[in-house]
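Reader: I have a structure open and a few things to ask. Can we go through it piece by piece?
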Amino acid sequence: MTAERVFDLSTHTVRELNQALHDVAGGTPSRFKVVNAMGDHALAVGIDAAVQVEIHGHVGYYCAGMNKHAVVTVHGNAATGLAENIMSGCVRVKGNASQSAAATGRGGLVVIEGDASARCGISMKGVDIVVHGSVGHMSAFMAQKGRLVVCGDAGAALGDSIYEAELYVRGKLADLGADCEEKEMTAEHRASLGILLREAAVDLDPGEFRRFGSARRLYHFNIDHADAY
Amino acid sequence: MCGIVGLFLKNRALESKLGELFEPMLLEMTQRGPDSTGFAIYRDPVPAGTVKLVLQHAAPDFDWSHVAALLTERFKADVDYRRIHTHCLLKLAAAEGAVRQYLHEALPAVAVVSAGQHIEIYKEVGLPGEVANSFGLKAMRGSHLIGHTRMATESAVTTAGSHPFSTGSDLCLVHNGSLSNHNRLRRKLEKAGAVFHTENDSEVAAQFFDIQMRQGASLEQALRNALTELDGFYTFTIGTSDGFAVLRDPIACKPAVMAETDDWVAMASEYRAIARLPGVASARLWEPEPATVYVWEGSGAAGRQLGSGPLAKAS
C-alpha cells in the first residue's frame, strides 16, 4: 500500500491539496488524509483517480464536486453542494449535509450518515444517494435518473417535477411535489434496494421503504391534448 | 450574496472579549460581501430618559462639537460625545423621538445610524478588515454583536445603504437576500408612520419589525408576522436590547448555520465564520430550518425554537 499523504489545512492551501489530488497518476492507488478542515470551500474537487481521501473537520461548499473514481469521506458536516455533479466513486459524510447535496450527480454513490437539508439530489442524473437520516424540502426536484434513499423522513414537495428517478422513503413523508406519485414496491425493487443499502452500510430491511416516482403527466406531450396548445 | 454573522453571549464573563471573538467572524465573510461592512454592538446601556445615538456625516473631519453645542442648547442637557472614525457616539438626557426630529430639521446632512439605550451601529463602505479596524471593533466589549458584509444588489453602495439597519429603540436587522414586495410594504408602513431613509429593501424589513414591536408585538410574534407579510428571499439576524433572533424564509435559499454552547450562541452565513470560536468543537451545531423562528432573550437565556416550516402541511 502506498503511503498516506497528509494535508494540514492550517498550513496547506486548498489549491495545494486539490493540485496534489489532480496530479495523481491514473491507476496508482493513493491515500490522502486532510486535517483541520475549518469549513473551507471546494475541498477535494475534480478528482479523476481511484484515490481514497479522508477529510477531518467540517467542510464548506462543493466538497468532492465532479468526483470520478475516488472514495472521499468527510468526518464532519458538509455545506451546500456536496458532491455536486459526481460522476463516479463514492462520497460519504459522517455528519449532516446542507442544501443541494449530490445536485446534478451523474453516477457514483453519495452516503450521508446524518440528515441532508433542502433540495437533496436536485436534478440528479444517475447518482445513487443514501441518507441515513432525513431530507429537507424539495428533495429530488426535477430528478432525471438514479435513486434517492431516505431512511428517515422526507420534507415537503418530494420529487417535484420529477422526470425519472426512483425515490425511497422509510419514515414520514410531508408531501409529494407535482407529478410525483407512490409506486408499487415489487420484489425486484426490494432486491435492488437491498443491494444499495448494503453498499451504503445501512442495516435496514428494504421492505420498510415506500417507493415514489414520476407520474409522467407533466413532461410527456399528449397528442390528445394538442388542441389545448 | 452578502455575509451575516451574529454572536450573543450567554456567559457575561466573556463580555470583555466580545469584539475579539467577533471580528474574525466578520472578516471570514469578506468574500461574501466586499462592498460595505457594518456591525451593531449592544453595550454600556444608558439610564432611562437618556438616549444614546450614533451619528454619521459624509465629511470625515466633520465638526461634531457643533452638533453637541446645538443639542445642548436645544435640550438644556449635557451632551457626552466622542468621534469614532466617520461616526459620532453621543449621549444626552432627552427623548429619542424629539432628538431625531430636531436633527432631521436642523441638521439634515447628519444621519442617525442608531438610537436606543444599548445599541451602537457602525457601518461604512469598504472591506470588512478596513472597516473593523477603522472603528476599533476588536477592542469592543458588550453583550452581543451582529454584523454584515454586503455585496450590493438592490440599492447603491453607500454608508446609508449598508447594514445593519436600525429604525430605533435598540432594534437592528441584517439581511441576506432580497425582498420582492418591499415597495408595497414601504407604502403600507409609511401610512403607519414609518420614515424611510434609503431605497433599500432591507430597511423596509427593519421598519416592519420596529413598527410591529412598537405596536406591542413580542420579538417572537413580530418574526411570525414577517413570515406572512414579507415576500422574497431572506435570512435575517435581528438584535434587540437583550435579544437575538434568526429567521429564514420558507424556501431557504440563503444560507445560515448556527452553533450554541453554554457560553454563547452564534449564527453565520457559513460555518467557517464560527469555526474558530472557543468551544465550537463541542457546540450544538445546526442549520436553521426554513420558516422557523429562533429567539434568545436575556442573559443566560435558553434559546427557543418556534414554529415549523409552512411548506410542510399543517398538522
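Reader: At what angle do helix H2 and helix H3 of chain B pack, and how far apart are their axes?
Author: This is a predicted model. In it, H2 (residues 64-75) and H3 (residues 96-106) of chain B pack at an angle of about 125°, and their axes are 12 Å apart.
Reader: Parallel, antiparallel, perpendicular or oblique?
Author: Angles from 65 to 115 degrees count as roughly perpendicular and those over 145 as roughly antiparallel, so H2(B) and H3(B) are oblique to each other.
Reader: Is the crossing left-handed or right-handed?
Author: H2(B) makes a right-handed crossing with H3(B).
Reader: Which residues meet there?
Author: H2(B) brings B:Val67, B:Leu70, B:Leu71, B:Arg74 and B:Phe75. From H3(B) come B:Ala98, B:Val99, B:Tyr102 and B:Leu103.
Reader: Changing topic. How many residues does each chain put into the contact between chain B and chain A?
Author: Chain B gives 19 residues and chain A gives 14. About 1300 Å² is buried between the two chains, with carbon and sulfur atoms giving 53% of that area.
Reader: How many salt bridges between chain B and chain A?
Author: The count is 0. Over all chains, the structure holds 22 salt bridges.
Reader: What does A:Asp128 form a salt bridge with?
Author: Its partner is A:Arg147, and the closest N and O atoms are 2.9 Å apart. This pair links distant parts of the chain, 19 residues apart. A:Asp128 is in strand E7 (residues 125-131) of chain A, and A:Arg147 is in strand E8 (residues 145-150) of chain A.

Note on methods. Residues numbered from 1 in each chain as written. Chains lettered and ligands numbered in written order. Predicted model: local features only at pLDDT ≥ 70, side-chain atom pairs only at ≥ 80, totals over all residues. Heavy atoms only, no water. Axes fitted to C-alpha atoms, helices over the stretch in contact; angles between N-to-C directions. Helix = DSSP H or I, 4+ residues; strand = E, 2+ residues; numbered from the N terminus. Parallel < 35°, antiparallel > 145°, perpendicular 65-115°, else oblique. Left-handed = near helix turned anticlockwise from the far one by under 90°. Contact = heavy atoms within 4.5 Å. Buried area = accessible area lost by both parts, 1.4 Å probe. Salt bridge = Lys/Arg side-chain N within 4 Å of Asp/Glu carboxyl O.
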